[in-house]
Amino acid sequence: LRHDEEFEEFYQASYGRTVALVAAITGSRHEAEDVAQEAYARALARWSRLRGYDLPDAWVRKVALRIAIDSGRRLRRNLVATVRLGAQRRPAGPDPADDLKYTPLGAALLGLPVHERQVIVLHYVADLPVHVIARESGLSVGTVKTRLAAGRRHLEQCLTSRPEGVA
Amino acid sequence: MQDDKLRDLFEDWSEPLRAAPAPAVAALRSRNRRRTARTAAAAGSALAIVGLVAGLLVANEAGSGSAGSPALQAPGSAYPAPPGQPYVFVNSSATFVNTVVATATPAELRNAATGEVVKVLKPVHRGVSFSAAAAAPGDRLFVLAQPDSDGTISFAEVRIGPTGKAGALRQVLPDLPISPGMLVVNMAVNAQGTRLSFITAASDSYGPSGPGGSLVVYDLQTGAPIASWPVAFDIGASSQFLGYGNNLVASIDTVERGQDRLVDTTTAFPPGSSLLADSRPYAGGSGESFEAGDFTQDGSMATGAVNNRSSLLLVEISAASGKVLREIPIGSSAAEDGQYFCGVLWASANGHEVWTQCGTRQQVIVGGHVTQVRLAWLLPTTNGGGQFAW
């Protein structure tokens, strides 16, 4: 019972952050929520081990990003299919799930290469310092700094060339 | 752009997302149950892979007659598939929901459509139950695993003849030692009944996981070991044979990545060999995972149940290209209450005919045409492998 309560507390406290993180990668809120829930489901199945970690949210973050980024995985493919199907059935109005893509920042983010986007998102959405991003991503600090700088430059170019929203 | 300004932009952008309410934990448990059930169903599924020369299989099926004929048979097989519907193995620890099964009854083979008991299977050794099962493509040959208290595991097979009558249960392979705490979590048998593969792993209260697992292959005719590869996984693992040969696809799924590996098990591999070195990527040549139990027997496509907001879809994906071929609604997401299985029950060799269940709704899909059916039973959600094999 205590394990359940601990998980519930962890889950409630960190879920929104994880959704935001994944949405910044995928550009879709619905997709982000599905990926986040999959990551938490896997965490729940391993909670007896994860609860002993100093930072179980780092595990969830890693799993969620893996699921979101690895476009070859079945879940990802199915999500694509689901989004496509959803688009076919969508009524005339815009789907809130796609709003993120059409904000200036969302569009700029999706224009970044995935390796730059991941570092930018971990830094600005997950609020992780460079050395933590390096450790979690298995990259050198120098590589993270290089990708951050490149990502910032690309974002700036995109945002300044499209100052108005495109929605 | 200044760092602070960019940070503010992200803060504003992500604020509504951070406020997203977390669904109930029960929804996460439901996801896990569905994954477990899928793995369990894959343990002996007649979906049992594939990929071999599709042309050969298609030609064979075309010559076999009716579209409803579910089974493929090896050319010249002494055990031609019986007419009618697939068969299913039911372990004594599981129950068909609307069928009264007395406690402590042995395992059974049933006609999957009518629920009729074809054969009652008493374990070879007294006092223990069958812990895992596998069905050869066509559902006419079942291999069952039975652990014993002396630290060994034995395997037995039963065949269903051309008239639909089951033969005697007989032990195959000598008793094999198995390490304490290890379980057989997946089994597969090829169409000819000459190769058996199984995966062992330690199990905790949340289900089997590696490291420390093994993928083991035996020659069922001679009893000789063919291979024993160490495999490490924490999401799931399964193995399935392709077509009529000895080609085996191993699906190893970890948090890091999922991959399907194809290996020819015709000749033996020396001790200490590596699955990665002995195999090559399968499925579209990409090495990406289609996850366990999803391929049709001819290897042409993968099938799976996908949650699409309020409904569940049967999605068919080309194994060659990875593209979605078709999506068919099979039920409501609300039906995933953890009581009844949701997903593919059975599929014919090329996926032309598929049986699905989601909650209490059951369908037979032939060539994309959906017919609601009411089988003699409802498959419950299972919490472990081995209760059912198709």
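# Helix contact, aromatic pairs and one glutamine

User: How do the axes of helix α10 of chain A and helix α1 of chain B sit relative to each other?
Analyst: In this predicted model, the axes of α10 (residues 141-161) of chain A and α1 (residues 3-18) of chain B come within 12 Å and cross at roughly 70°. An angle from 65 to 115 degrees counts as roughly perpendicular, so α10(A) is roughly perpendicular to α1(B).

User: Why give both an angle and a distance?
Analyst: Because two packed helices are described by the angle between their axes and the distance between the axes.

User: Which residues meet there, α10(A) against α1(B)?
Analyst: From α10(A) there are Arg152(A), Leu155(A) and Leu159(A). They meet Asp3(B), Leu6(B), Leu9(B) and Phe10(B) in α1(B).

User: And how many of the residues in that contact are nonpolar, polar or charged?
Analyst: The contact of α10(A) with α1(B) has 5 nonpolar residues, no polar ones and 2 charged ones.

User: New topic. How many aromatic pairs are there over all chains?
Analyst: A search of the whole structure finds 14. One of them is Phe7(A) with Tyr11(A): the ring centres are 5.7 Å apart and the planes are at 15°, so this pair is stacked. Planes have to be under 30 degrees apart for that label.

User: Where do Phe7(A) and Tyr11(A) lie in chain A?
Analyst: Both are in helix α1 (residues 2-26) of chain A, 4 residues apart, which is about one turn of the helix.

User: Are Phe7(A) and Tyr11(A) buried or exposed?
Analyst: Phe7(A) has a relative accessible area of 1%, and Tyr11(A) has 0%. Buried means under 20%, so Phe7(A) is buried and so is Tyr11(A).

User: What sort of pair do Tyr11(A) and Tyr15(A) form?
Analyst: An edge-to-face one, with 5.6 Å centre to centre and 75° between the planes. Tyr11(A) and Tyr15(A) are also 4 residues apart in helix α1 of chain A, so about one helical turn separates them. Tyr15(A) is buried, as is Tyr11(A).

User: Which residues form the aromatic cluster?
Analyst: Phe7(A), Phe10(A), Tyr11(A), Tyr15(A), Tyr40(A) and Trp47(A) form one cluster.

User: Switching to chain B: where is Gln357(B)?
Analyst: Gln357(B) is in strand β20 (residues 353-358) of chain B. Gln357(B) is buried, with a relative accessible area of 0%.

User: What does the side chain of Gln357(B) make a polar contact with?
Analyst: With the side chain of Gln362(B), at 3.1 Å.

User: Which residues is Gln357(B) in contact with, leaving aside neighbours within four places in sequence?
Analyst: Among them are Tyr340(B), Phe341(B), Cys342(B), Trp377(B) and Leu378(B). Gln362(B) is in contact with Gln357(B) too.

Conventions: Residues are numbered from 1 along each chain as its sequence is written. Chains are lettered from A and ligands numbered from 1 in the order in which they are written. This is a predicted model: local features need pLDDT of at least 70, side-chain atom pairs count only at pLDDT 80 or more; totals for chains, interfaces and linings use all residues. Side-chain values use heavy atoms; hydrogens and water are left out. Rings of Phe, Tyr and Trp (its six-membered ring) pair if their centres lie within 6.5 Å; planes under 30 degrees apart count as stacked, over 60 as edge-to-face and the rest as tilted. Helices (H or I, at least four residues) and strands (E, at least two) are DSSP runs, numbered from the N terminus. Buried means under 20% relative accessible area, exposed over 50%, partly exposed in between (1.4 Å probe, protein chains only). A polar contact is a pair of N or O atoms within 3.5 Å; within protein, one must be able to donate a hydrogen and the other to accept it, and residues adjacent in sequence count only if both atoms are side-chain atoms. Contact means heavy atoms within 4.5 Å. Axes are lines fitted to C-alpha atoms, for helices over the stretch in contact, and angles run from 0 to 180 degrees between N-to-C directions. Angles under 35 degrees count as roughly parallel, over 145 as roughly antiparallel, 65 to 115 as roughly perpendicular and the rest as oblique. Ala, Val, Leu, Ile, Met, Phe, Trp, Tyr, Cys and Pro count as nonpolar, Asp, Glu, Lys and Arg as charged, and the others, Gly among them, as polar.
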